[in-house]
Amino acid sequence: MSAWETDFGAEGGLFRRLRAEAAADWQAYTWHDFVRRLSDGTLPLAAFRNFLIQDYLFLIHFARAQALAVFKAESLPAMRQKSGSIAAILEETALHLGYCAEWGIAEDTVRATPESAETVSYTRYVIDRGLAGDILDLEVALAPCTVGYGEVALRILADPNRRVQGNPYQSWIEAYAAPAYQALARGAAARIDALGESHGGHARFPILAATFGEAARLEQRFWQQGLDAAA
């Protein structure tokens, strides 16, 4: 089995069941043409710049979703962990603006850009699942983003067409392939497994699988908007 099939979640656990149920959509998301072109360095710069701006706007709502997770959390330790996630994401937004500047995108431009329809639909879907359900519903909606980017990085590292020397996106790839992010992604998958046991995940599987699959499809559209912007 490939590393991305064994690194995230436990065998027989809820995360791997969800991933398997959404196999086609998960594959289309984690090995989207946007990702393949990041890997071989052929992604148009306009596509990547569009992605960076919308990703910044996405992060703002991702922090709000984590704040909702504090409210929905099942225990005080979980509340503390989610509070730390909020602080980390808010710090990441500042770093992200600096990264955008390295790509020639001024902070004023980033802040003045409206959210795309894809960004709105994805972020609000995640928050809606959290508002309508419990902590497991919310974490399942969040997992495709957190775990998926970890898997994307592993797929790129294993890609025989991967370009390392002279790839303008090498620093982005390295950020998600780094041990710190890989540990974060593994932790998110393990949390889905644990909540699956404590919150009746197997009995609720059809609803959770629908949420997971829709989030994977929304991730596909998030990549695709970058390619469309460069067309």
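Mentor: First, a term: helices here are DSSP runs of H or I, at least four residues, numbered from the N terminus. And keep in mind that this is a predicted model.
Trainee: OK. How many helices and strands are there in the chain?
Mentor: There are 12 helices and zero strands. Along the sequence the pattern reads α-α-α-α-α-α-α-α-α-α-α-α.
Trainee: And how compact is the chain?
Mentor: As compact as a globular protein of its length, because the radius of gyration is 17 Å, close to the 17 Å the globule rule gives for 231 residues. The C-alpha trace spans about 45 × 40 × 30 Å along its principal axes.
Trainee: What share of the residues is buried?
Mentor: 52% of the 231 residues.
Trainee: Switching to charges. How many salt bridges do we get?
Mentor: The count is 15. Take Asp-33: it forms one with Arg-36, closest N and O atoms 3.4 Å apart. Arg-37 also forms a salt bridge with Asp-33, at 3.9 Å.
Trainee: Where do Arg-37 and Asp-33 lie?
Mentor: Both are in helix H4, four residues apart, about one turn.
Trainee: What about Arg-191 and Glu-74?
Mentor: Their side chains meet in a salt bridge, 2.9 Å from N to O. Arg-191 is in helix H11 and Glu-74 in the loop between helices H5 and H6, so the pair ties together parts 117 residues apart in sequence.
Trainee: Is Arg-191 buried or exposed?
Mentor: Buried, at 18% relative accessible area. Glu-74 is partly exposed, at 37%.
Trainee: Which residues do shared partners join into one network?
Mentor: Asp-25, Glu-214, Arg-217 and Arg-221.

Conventions: Residues numbered from 1 in each chain as written. Predicted model: local features only at pLDDT ≥ 70, side-chain atom pairs only at ≥ 80, totals over all residues. Heavy atoms only, no water. Helix = DSSP H or I, 4+ residues; strand = E, 2+ residues; numbered from the N terminus. Rg over C-alpha atoms; globule rule 2.2 N^0.38 Å. Buried < 20%, exposed > 50% of the residue type's maximum accessible area, 1.4 Å probe, protein only. Salt bridge = Lys/Arg side-chain N within 4 Å of Asp/Glu carboxyl O.
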